[in-house]
Amino acid sequence: MLITQLKSKDTIESLAKAKTVIINCHGCKEVYFPEHEAAELQKELVENGNISEIITTDYICNPEHQALQLKKHMAKIDSADTVLVFSCGVGVQTTAQSLADKRVYAGCDTYPLPGFQGVTPLEFDCGQCGECYLNYTGGICPITACSKSLVNGQCGGSKNGKCEVDKDMECGWERIYRKLEALNKLDTLGYPAKIRDFNHPDAD
């Protein structure tokens, strides 16, 4: 199982300074989502005036299903500067791929819990490592998109955009660089790589 925890209020407010669409995922029962806390915080964000739409749906980890769910909201999404996703890390990655020309940010961190992990076939994986890097790396996870799980840039072994460990795999860091370059956000690569606490703060 997974548990998602909201990022700090200051962090979320800083991500929603521009015109923002919020996407909540309430679909997967293998993931605990803090619905009440998210709703209260999002109410405050609406009052601040930058939120153009709040979309609550399910299973955004499935790209085909997500496309159908978001289709009726695309006018608002297209006019937004930022998409703020409240879900586990898989949902953020799927959204970032689907909305390639948007700045997609995570409103939650994801922590592991013992137990059943679900059986939905997923294109993306979440390392459940607590303090998520997705907001620095264009919605592409350096832990799971890189064979070596490097967090401070590529190893230098890739060739023609392919990983030296798995020749059929795109280099995760080349994908990150190209995505941030297209969004004019290469400055976010200056983030500090740090030792992180993988334990949920409420865990015994």
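User: What is the strand order of the open sheet of four strands?

Analyst: This is a predicted model, in which local features need pLDDT of at least 70 and side-chain atom pairs count only at pLDDT 80 or more, while totals for chains, interfaces and linings use all residues. Residues are numbered from 1 along each chain as its sequence is written, and side-chain values use heavy atoms, with hydrogens and water left out. Strands (E, at least two residues) and helices (H or I, at least four) are DSSP runs numbered from the N terminus, and two strands pair if DSSP finds at least two bridges between them. The pairing in this open sheet is parallel, and the order is S4-S2-S5-S6.

User: Which strands stand at the edges?

Analyst: An edge strand here has a single partner strand, so one side of it is left without a neighbour in the sheet. From one strand to the next, the twist averages 20 degrees. The strands at the edges are S4 and S6.

User: What is the bridge partner of Leu84 in S6?

Analyst: S5 runs parallel to S6 (residues 103-106), with four bridges between the two. S5 is also joined to S2, by five bridges and again in parallel, and there Asn24 stands opposite Phe86. In S6, the partner of Leu84 is Tyr105.

User: Which hand does the β-α-β unit of S5, H5 and S6 have?

Analyst: A crossover is right-handed if, with the strands pointing away from the viewer, the path from the first strand over the helix to the second runs clockwise. The helix of this unit is H5, residues 89-98, and the unit is right-handed.

User: At about what angle does H2 run to S4?

Analyst: Axes are lines fitted to C-alpha atoms, for helices over the stretch in contact (heavy atoms within 4.5 Å). Angles run from 0 to 180 degrees between N-to-C directions. H2 lies across S2, S4 and S5, and its angle to S4 is about 160 degrees.

User: How many residues apart in sequence are the parts that Glu44 and Lys9 tie together?

Analyst: A salt bridge is a side-chain nitrogen of Lys or Arg within 4 Å of a carboxyl oxygen of Asp or Glu. Glu44 and Lys9 form one, at 2.7 Å from N to O. Glu44 lies in H2 (residues 35-48) and Lys9 in H1 (residues 9-15), so the pair ties together parts whose separation in sequence is 35 residues.

User: Where do Lys148 and Glu164 lie?

Analyst: The closest N and O atoms of their salt bridge are 2.4 Å apart. The pair links distant parts of the chain, 16 residues apart, and both residues lie in the loop between S7 (108-112) and H6 (172-182).

User: Which residues are linked in a network of salt bridges with Glu174?

Analyst: Glu170 and Arg178 meet in a salt bridge of 3.0 Å, N to O. Glu170 is partly exposed at 39% relative accessible area, and Arg178 is partly exposed at 41%. The residues in the network with Glu174 are Glu170 and Arg178.

User: What share of the 204 residues is buried?

Analyst: The protein has six helices and seven strands. Of the 204 residues, the buried share is 45%.

Technical notes: Buried < 20%, exposed > 50% of the residue type's maximum accessible area, 1.4 Å probe, protein only.
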